[in-house]
Amino acid sequence: MPKILIIEDDTAFCQMLQKFLTKNGFAVSVSYSIKEAEEYLASSTFDIILSDVRLPKGNGVTLLPQVKRESPKTQVILMTGYAEVKTAVNAIKKGAFDYISKPFTPEEILSVIKDALRSKVTDFKVSRESSKSTEAKKGSINFLKGQGEKSKKLQQYVELVAPTNMSVLLTGESGTGKEVTAKAIHRASKRNDQPFVAVDCGAIPKEIATSEFFGHVKGSFTGAIDDKQGHFEAANGGTLFLDEVGNLSYQHQIQLLRAIQERKIKRVGSTKETQLDIRIIAATNENLSEAVEEGGFREDLYHRLNEFSIEVPSLRDRREDILLFADYFLAEANSELDKNILAFSDQTKRILQEYDWPGNLREMKNVIKRAVLFSETETMFPNALAEGVVKGASKYEEVNFSKSDYEKERILTALKQTNFNKSKAAKLLQITRKTLYNKINQYQLNV
């Protein structure tokens with residue numbers, strides 16, 4: 001039975017959530033403060049932690065380092081009623097699995113929890129896959145070839161560098177799809193039948209990073225009960241993707257540089273050297289050149305990683321492709337949630353195109369999935385979208401979401417879907433034919 005810890009200061013909401021999750025087969029513990037949560041974490045291990053962002057005397061995000069250090073396979077889901085996308089994105093960078101905005105439905109939180117439990121977590125977010133498979137790992141975004149200028153430039157760079165063995169540095173904001181781009185490079189390379197190993201450098205505790213990268217032999221230190229293969233060996237022959245490489249400590253930057261230069265490594269506690277044939281792709285959302293100037297990142301390692309640089313553009317800089325991505329996530333959410341939402345209404349499309357998407361593709365995926373869950377008809381209307389997205393779009397374009405406008409759009413959409421058959425349209429709208437005629441006259445619709 002999966003174990004869940006809820007950290008929430010709203011007693012009534014916490015107890016309601018506990019009751020719902022218990023009924024759905026989870027062993028649930030609750031805490032109303034960070035101090036209480038720390039006491040639970042000191043004595044128990046949990047599969048899932050559901051934590052509110054804002055808590056008395058603290059912030060739910062502050063628990064992440066402790067959780068990831070002491071129980072790396074525990075999935076942390078943040079709950080926020082403040083639509084703080086930047087906070088949530090930063091939390092995901094620090095190791096959170098996902099975030100969910102309040103208010104949410106029971107089905108929505110259950111879906112996120114099941115996603116977290118299904119997520120194949122190996123040692124500290126390391127995934128190994130062969131590009132022989134036709135699909136990326138579940139939950140990833142396929143590399144879509146956009147139609148906009150920046151999307152075409154990105155695709156051009158991927159096709160240009162993929163056949164080479166050059167190290168590639170991917171830059172860009174969180175959530176833009178840097179790992180997806182790395183996989184696209186790997187699949188288009190001569191190593192595409194070899195492993196692709198992705199490592200989240202920000203999620204590896206400093207104390208065991210050497211072992212995680214290079215492996216260890218049994219008995220080399222306390223807790224080394226078996227021989228362990230490191231990420232470099234796992235990727236031998238293929239591609240090693242180092243995500244959030246700017247988070248590496250100075251000591252581990254030195255070790256990484258040596259491994260890349262010499263193309264050989266030794267496991268901790270071993271004298272045997274292993275020859276390496278790997279391609280390095282690194283990614284960061286930080287400015288590494290500034291970090292070099294400030295002394296936080298080694299210049300020689302920076303140049304080793306930056307043989308070819310690609311900036312993965314933000315979603316707001318790819319507005320021509322927003323609906324392309326939205327359609328992709330719509331199809332994905334339909335499949336995951338067993339729904340059949342066929343299209344976005346015109347107003348919904350305008351909102352999606354006007355919103356700034358600070359969390360980029362990752363945020364869009366969550367927004368579309370939530371909206372699919374809330375949609376009751378085959379067309380997605382603005383009322384299914386999160387309030388923060390609607391308000392964010394209204395900053396740039398005054399969008400009128402009055403009841404009358406919403407009704408008019410629903411009626412017109414239903415009529416179009418039924419080829420203007422009023423009886424079928426009324427049935428689709430779940431109203432009588434007489435009511436439909438009254439509405440058509442009321443809004444003076446030319447049908």
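This is a predicted model: local features need pLDDT of at least 70, side-chain atom pairs count only at pLDDT 80 or more; totals for chains, interfaces and linings use all residues.
Residues are numbered from 1 along each chain as its sequence is written, and side-chain values use heavy atoms, without hydrogens and water.

I placed Asp 52 in strand E3 (residues 48–52); strands (E, at least two residues) and helices (H or I, at least four) are DSSP runs numbered from the N terminus. Leaving aside residues up to four places away in sequence, I listed its contacts as Ile 7, Glu 8, Asp 9, Gly 60, Met 79, Thr 80 and Lys 102, contact meaning heavy atoms within 4.5 Å. The unreviewed UniProt entry annotates Asp 52 as "modified residue: 4-aspartylphosphate"; such annotations may be inferred rather than shown by experiment.

I then turned to the helix pair. The axes of H5 (residues 106–118) and H15 (residues 360–374) come within 10 Å and cross at roughly 135 degrees, the axes being lines fitted to C-alpha atoms over the stretch in contact, with angles from 0 to 180 degrees between N-to-C directions. From H5, I found Glu 107, Glu 108, Ser 111 and Asp 115 in the contact, and from H15, Lys 369, Arg 370, Leu 373 and Phe 374.

For the whole protein chain, I recorded 19 helices and 17 strands, with buried residues making up 51% of its 447 residues.

Key:
Buried means under 20% relative accessible area, exposed over 50%, partly exposed in between (1.4 Å probe, protein chains only).
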